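Have the viewer open and follow along as the residues come up.

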Amino acid sequence: MNFKKYSKYIGRFFAWLLLVFCSLIAKFLPLRLLYSFAKAIALLGFLFIGRHRRIALESLNIAFDKEKSPCQIWSIARECFIDMVKSAIEIVYLSERPALIKKYITFRGQEHLESALKRGKGVILVSAHFGNFPLMVVRMNLEGYKTYAIMRTLRDKRTERFFIKRRDQLGVETIFTHPRKECVGNTLRFLRNNKIIFIPLDQNFGQAGGVFVDFFGKLAATAVGPVVLAQRTQAALLPCFIIRQLDNSHVISFEPPLFMEGVPNTQDAIKQKVQVLTAIIESYIRRYPAQWSWIHRRWKSKQKESEA
């Protein structure tokens, strides 16, 4: 085992230990005190987890370039860490108290979801690793909107089991991206039964299979899956985000749906729709920059000159 792999293993092990510790703390402390605890843990992480801090600062500098000062960049990165730890604490705390979830999370633009469901062709919730997005799926299910989340499996199996247990407690069903054939088959079946599929569209997709679209003024490799699924099933594409408020309550915001009727099944048409969705994601990140997960190299993949 080389040093890089060993350090990742150690990091994942301590992340799992922290989750277990937080779950124990959450059994005894009120949520108000847990937020103070989360802030303290996040600030320690920001100081000592150098790799993720560097990625966050690097990503912020790419996105905002000369728009924000170094001090502003540092502040957003710091707040991003706090928001992520708060979200983890909330999942642990509220998974034991599901009755509180409706109190802390409300809806805005719910009429857009209702109109999309009335078509009877399914809804693809296009979102991002933004705010406490796992709780968004939980809240949707509690409101009676059966929602399935397409997610990758986590590299650390202990952490994966930890979150699977909590998703099961809250009645959230996950469609894992692999095996791919099973993922596609289940997704198509659920959409044809007018169910809701949650798909984040904000991570680097690599060179193969996606398209490069503008994201903060730079080209970013982006998946076409949600748009292709909508093309195939005529499901509505519904941008949706969960936004943390100053009092740590949350609002789930639905944008007007996009449809694929009349859109030609061409690469250019699909790319144009992916660009529209990406622009909506960017608009939310610009409004609430600390609520997006900056610890991901979104612009890692570069477009080949032959494709430019």
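## What counts as a salt bridge

A salt bridge here is a side-chain nitrogen of Lys or Arg within 4 Å of a carboxyl oxygen of Asp or Glu. With that rule in hand, please keep in mind that this is a predicted model. The rule gives a count of nine salt bridges, and a few of them are worth a visit.

## The R244 and D83 pair

Let us start with R244 and D83, which form a salt bridge whose closest N and O atoms are 2.7 Å apart. This pair links distant parts of the chain: R244 belongs to strand 8 (residues 236-244) and D83 to helix 4, 161 residues apart.

Are these two partners buried or exposed? R244 has a relative accessible area of 10%, so R244 is buried. D83, with a relative accessible area of 8%, is buried too.

## The second largest pocket

Helix 2 (31-48) and helix 4 (70-95) each supply at least two residues of the lining. Sorted by class, the lining has five charged, four nonpolar and three polar residues.

Next, look at R297 and E58, whose side chains meet in a salt bridge at 3.4 Å, N to O. Here too, distant parts of the chain are linked, with R297 in the segment after helix 11 (267-287) and E58 in helix 3 (residues 50-64), 239 residues apart. R297 is partly exposed, with a relative accessible area of 36%, and E58 is partly exposed, also with 36%.

E261 and K121 make another such contact, their side chains meeting in a salt bridge of 4.0 Å, N to O. E261 sits in the loop between strand 9 (250-254) and helix 11, and K121 in the loop between helix 6 (110-118) and strand 2 (123-127), so this pair ties together parts that are 140 residues apart in sequence. The relative accessible area of E261 is 39%, which means E261 is partly exposed. K121 likewise counts as partly exposed, at 34% relative accessibility.

One last stop: E67, E282 and R286 are linked in a network of salt bridges.

How values were computed. Residues are numbered from 1 along each chain as its sequence is written. This is a predicted model: local features need pLDDT of at least 70, side-chain atom pairs count only at pLDDT 80 or more; totals for chains, interfaces and linings use all residues. Side-chain values use heavy atoms; hydrogens and water are left out. Helices (H or I, at least four residues) and strands (E, at least two) are DSSP runs, numbered from the N terminus. Ala, Val, Leu, Ile, Met, Phe, Trp, Tyr, Cys and Pro count as nonpolar, Asp, Glu, Lys and Arg as charged, and the others, Gly among them, as polar. Buried means under 20% relative accessible area, exposed over 50%, partly exposed in between (1.4 Å probe, protein chains only).
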